[in-house]
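Welcome! Keep the sequence and the 3D view open as you go.

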Amino acid sequence: MPGTPQPPSPAPGSPSASPSPSCSASPAAGPGASRRGVLVGGALALGAAALGTLTATEARADTAPRGGPPMSDPFTLGVASGDPFPDSVILWTRLAPDPLAEDGRGGMPDRTVDVQWQVAEDERFRGVVASGSVRARPDRAHSVHVEAGGLRPGARYFYRFRAGGEISPVGRTATAPAPGSRLDSFAFAFASCQSYTHGHYTAQAHLAEEDLDLVAFLGDYIYETGEAGEIGRPHVPARETESLADYRIRHAQYKTDAGLQAAHAAFPWAVVFDDHEVENNWADDTSAEDDVPPEEFLRRRARAFQAYYEHMPLRSAQRPDRADMRLYRRLSFGDLLDVHLLDTRQYRSVQVSDDRRDDPSRTLLGAEQKRWLFGGLEGSAARWNVLAQQVFFSQRDFADGAPTNFSNDAWDNYTVERDEVRDRLAEAPGPVVITGDVHANYVCDVKADFGDPDSATVATELVGTSFTSGRDGAEQNPGDAVQLRENPHIKFINRRRGYVRNTVTPTEWTAVYRTLDYVSEPGSPIRDRARFTIDAGTPGVRPRP
């Protein structure tokens with residue numbers, strides 16, 4: 001959930017002037033309008049024979065329900081890749097000819113199905129470098145997670161699947177550079193919060209047109225609510241998700257969107273969850289609902305985790321063990337970038353009121369994850385170290401004047417651990433925090449002492465807006481003037497929808513905040529709303545024209 005302040009509400013400040021958006025804009029991406037659009041849709045004409053020795057008739061018989069007709073297109077949810085290593089990458093798909101089937105099985109028979117896969121150096125698959133077969137099992141919703149290995153470091157590849165006589169869309173992916181190798185540039189985007197009912201996935205379609213090495217998705221991939229919304233995209237099922245079938249259907253509904261499929265097929269993704277993949281504002285084994293016992297909530301959490309894994313390009317190390325899932329992990333990109341992906345939900349202390357937020361026993365990370373993070377920061381030889389995480393890191397006081405009012409669903413509710421993480425991060429090269437959750441764009445200087453505006457800036461926080469959550473948004477809200485006045489380390493606020501595109505080099509990091517005019521209707525252009533640069537060795541940002 002966005003980090004809203006606790007009651008009582010702060011006195012509103014006067015609205016700040018809304019800056020005019022940049023004149024730089026591009027039209028909404030149309031289907032088939034680009035090389036990447038052709039790439040995503042284009043393998044079918046190559047024929048089933050290229051992917052294996054079964055004939056189309058034999059293969060269809062293998063995937064058809066016994067006594068029933070041949071299976072229709074099983075690749076309705078597209079393809080995806082993720083978590084690139086120097087020699088491997090995860091390839092994902094799920095067989096679901098009827099993705100919204102009420103039983104959550106996607107229209108598949110209750111038995112295992114063979115799926116063939118290929119990786120090639122070219123999109124027509126003349127140079128196949130890896131291939132194999134994997135079994136899609138009914139107890140895993142016929143999802144497929146291929147750890148395609150033996151690949152070259154720092155190389156781009158194309159991949160596809162076959163089940164029956166059907167061939168999937170083609171995806172493009174890339175491996176990470178070799179450990180310690182010199183890397184002159186790395187381009188990635190980060191985003192979060194894509195409520196299906198709040199907006200059309202125009203931002204995702206634009207994202208698919210970028211030239212990127214990675215997408216980091218920082219949480220709220222689905223929303224668990226049963227709301228219908230106001231734009232003709234109601235949630236299915238029309239109730240809050242609680243059963244495994246419900247979570248599977250909800251993930252499948254989101255995955256049927258063409259814009260989201262295109263963005264997944266264009267680049268590898270690194271994903272982490274926040275709260276709405278399970279339930280709003282949950283913490284550890286505690287539901288946000290007062291009358292839910294921990295053991296009952298953990299059963300729900302286990303079902304949500306299973307469906308999450310079934311629909312994400314994650315490695316086997318992230319496969320959940322009932323209600324436990326090791327989601328925190330590290331991706332390294334040559335000598336340039338270490339990305340520390342955090343889990344700020346599964347181990348956190350329950351949210352408390354402001355008068356208890358300074359309790360030193362409170363944790364957002366848990367002891368084991370914190371040790372892992374500190375060890376990785378201390379041992380990093382990369383030029384830049386990134387915490388990729390879910391909730392607002394910098395201090396954010398919503399109250400005008402002497403009173404204070406902080407969000408209880410952000411790091412402000414865990415101040416002792418936040419300051420400890422800040423101090424360790426500050427000792428690492430190139431410290432940057434990237435954040436989702438709050439449905440708004442922010443840029444913050446991370447201060448050595450948030451209570452002293454004159455203290456040193458020790459890191460930078462880049463907060464990205466939502467893809468759609470919060471509907472169309474605005475340039476700013478009236479209360480943003482108070483935030484900017486009360487928190488001088490906050491340098492920028494904007495509440496349009498979109499994502500943040502980043503270009504990282506050995507000497508500087510450039511973040512471009514790309515925003516849409518609207519998401520309540522399809523087709524919005526995308527604009528470069530603001531641009532900031534972080535100089536290597538000098539924490540803090542400077543605006544760029």
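Is D335 buried or exposed? D335 is buried, with a relative accessible area of 15%. Please keep in mind that this is a predicted model.

**Exercise 1. Find the partner of D335 and describe where the two residues lie.**

Step 1. Look for a nitrogen close to the carboxyl group: R383 forms a salt bridge with D335, and the closest N and O atoms are 3.8 Å apart. That falls within the 4 Å cut-off.

Step 2. R383 sits in the loop between α7 (367-378) and β15 (384-389), while D335 sits in the loop between β13 (329-333) and β14 (337-341), so the pair ties together parts that are 48 residues apart in sequence.

Step 3. Check the accessibility. R383 has a relative accessible area of 36% and is partly exposed, whereas D335 is buried at 15%.

**Exercise 2. Work out which parts of the chain R485 and D400 link.**

Step 1. Confirm the contact: R485 and D400 form a salt bridge, with 3.1 Å between the closest N and O atoms.

Step 2. Locate the ends. R485 belongs to helix α9 (residues 480-486) and D400 to the loop between β15 and α8 (415-426); these distant parts of the chain are 85 residues apart.

Step 3. Compare with the accessibility classes. R485 is partly exposed at 46%, and D400 is partly exposed at 30%.

**Exercise 3. Describe the salt bridge of E475 and R496.**

Step 1. The side chains of E475 and R496 meet at 3.3 Å, N to O.

Step 2. E475 has a relative accessible area of 12%, so E475 counts as buried.

**Exercise 4. Step back to the whole model: how many salt bridges are there, and which residues join into one network?**

Step 1. The count comes to 43 salt bridges.

Step 2. Follow shared partners: R357, D412, R418, D419, R422 and D423 are joined into one network.

**Exercise 5. Say how many disulfides there are, and whether C193 and C444 are buried or exposed.**

Step 1. The count of disulfides comes to zero.

Step 2. C193 is buried, at 0% relative accessibility. C444 is buried too, with a relative accessible area of 0%.

Methods. Residues are numbered from 1 along each chain as its sequence is written. This is a predicted model: local features need pLDDT of at least 70, side-chain atom pairs count only at pLDDT 80 or more; totals for chains, interfaces and linings use all residues. Side-chain values use heavy atoms; hydrogens and water are left out. Helices (H or I, at least four residues) and strands (E, at least two) are DSSP runs, numbered from the N terminus. Buried means under 20% relative accessible area, exposed over 50%, partly exposed in between (1.4 Å probe, protein chains only). A disulfide is a pair of cysteine sulfur atoms within 2.5 Å.
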